[in-house]
Amino acid sequence: MDSNVTLSPDKRTQILIGAAAVFAADGYEGASMARIAAVAGVSKGTLYNHFDSKAALFTAYVGEKCDHYLAHVFDSANHGGDPAEVLRGIGKRMVQMMLSDIGLAIYRVVIAEAAKFPELARGFFESGPARATSFMADWLEEETRRGRLSVPNPAFAAEQFFNLCQTRLVLRRKLEMLPDPPDADIEEVVEAAIAMFLGTYRAGADAGPVGP
């Protein structure tokens, strides 16, 4: 990357759009910087001025998508309302994000390449699942402080909630065993997840020890 070159945000976006198409079609290992440049409609020099390697480009693409989707997932994570309503919004949007075309494409590329390129899997995990867990844990910790929930291990509980919301739908969709589920199916699973989660963690619930 030439430090004397002025980088254009529009060109960066153009490159990331082209990269998304190539990674989805060819996988990470099969994608070449030359093909990404061609699909993005930029020169290889312009591409390398913005991203000095394919790994840096893929990481930037995943990070940008995670930023966008996580902001949407947690935009209603306030502390002024009913915890069930907040969980309802987070759970539904999280599942919709995971089942979106982009969410599925990123997941499949990462899984396909994880054994050969573990740094890609690590980058994906840190940009997406780990950040989501951290955001959720912070919300659970504050709700506990305010007396609405009783969550002794917020990070553990955050992962529990996300996994409950994936029941019956997400893995099957990732494996192409289901078509895109309608919102009603997602809402049914999320409602069941909320009932189970709050049965354990609502303040005053008599659930006994939970988690490590």
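Biologist: Let's start with Arg-88 and Glu-85. What do their side chains form?
Modeller: A salt bridge. The N to O distance is 2.6 Å. Keep in mind that this is a predicted model.

Biologist: Why would two such side chains pair up?
Modeller: Side chains with opposite charges can pair when their charged atoms come close.

Biologist: Where do Arg-88 and Glu-85 lie?
Modeller: Both are in helix α5. They are 3 residues apart, which is about one turn of the helix.

Biologist: How accessible is each one? Start with Arg-88.
Modeller: Arg-88 has 28% relative accessibility, so it counts as partly exposed. Glu-85 is partly exposed as well, with a relative accessible area of 48%.

Biologist: Which residue does Glu-191 form a salt bridge with?
Modeller: Arg-88 again. The closest N and O atoms of Glu-191 and Arg-88 are 2.3 Å apart. This pair links distant parts of the chain. Glu-191 sits in helix α11 and Arg-88 in helix α5, 103 residues apart. With a relative accessible area of 34%, Glu-191 is partly exposed.

Biologist: How many salt bridges does the structure hold?
Modeller: There are 15 salt bridges. One of them joins Glu-143 and Arg-148, whose closest N and O atoms are 2.9 Å apart.

Biologist: And Glu-143, is that buried or exposed?
Modeller: Buried. Its relative accessible area is 1%.

Biologist: Which residues are linked in a network of salt bridges?
Modeller: Arg-108, Arg-173, Glu-176 and Asp-180.

Biologist: Change of topic: rings. How many aromatic pairs are there?
Modeller: The structure holds 8. Take Tyr-28 and Phe-58. Their ring centres are 5.7 Å apart, and there are 70 degrees between the planes.

Biologist: What kind of pair is that?
Modeller: Edge-to-face. That label applies because the angle between the planes is over 60 degrees.

Biologist: What does the Tyr-28 and Phe-58 pair tie together?
Modeller: Parts that are 30 residues apart in sequence. Tyr-28 is in helix α1, residues 9-30. Phe-58 is in helix α4, residues 54-73.

Biologist: Are those two buried or exposed?
Modeller: Tyr-28 and Phe-58 are both buried.

Biologist: Give me another pair. How far apart are the ring centres of Phe-74 and Phe-135?
Modeller: They are 5.5 Å apart. The planes are at 80 degrees, so this pair is edge-to-face.

Biologist: Where in the chain are Phe-74 and Phe-135?
Modeller: In distant parts, 61 residues apart. Phe-74 is in the loop between α4 and α5. Phe-135 is in helix α8, residues 129-145.

Biologist: What about the accessibility of Phe-74?
Modeller: Phe-74 is at 12%, so it counts as buried. Phe-135 is partly exposed, with a relative accessible area of 34%.

Biologist: Which rings are linked into a cluster?
Modeller: Those of Phe-23, Tyr-28, Phe-58 and Phe-117. Tyr-28 also has a charge over its ring.

Biologist: Which residue has its charged end over the ring of Tyr-28?
Modeller: Lys-54. Its charged end is 4.6 Å from the ring centre. Lys-174 is placed over the ring of Tyr-107, with its charged end 3.7 Å from the centre.

Biologist: Next up, cysteines. How many disulfides does a search of the whole structure find?
Modeller: It finds 0.

Biologist: Is Cys-66 buried or exposed?
Modeller: Cys-66 counts as buried, at 10% relative accessibility. Cys-165 is buried too, with a relative accessible area of 1%.

Biologist: Last topic, the surface. Which residues form a nonpolar patch there?
Modeller: Leu-171, Leu-175 and Met-177. Together they have about 340 Å² of accessible area.

Biologist: Where does Met-177 lie?
Modeller: In the loop between α10 (170-174) and α11 (183-201). Met-177 has a relative accessible area of 55%, so it is exposed.

Definitions and conventions
Residues numbered from 1 in each chain as written. Heavy atoms only, no water. Phe/Tyr/Trp six-rings, centres within 6.5 Å; stacked < 30°, edge-to-face > 60°. Helix = DSSP H or I, 4+ residues; strand = E, 2+ residues; numbered from the N terminus. Buried < 20%, exposed > 50% of the residue type's maximum accessible area, 1.4 Å probe, protein only. Lys NZ or Arg CZ within 6 Å of the ring centre and 35° of its normal. Patch = residues over 30% accessible without salt bridge, like charges linked within 9 Å, V, L, I, M, F, W, Y side chains within 5 Å. Areas by Shrake-Rupley, 256 points an atom, 1.4 Å probe, with all protein chains shown as cover. Salt bridge = Lys/Arg side-chain N within 4 Å of Asp/Glu carboxyl O. Disulfide = S-S within 2.5 Å.
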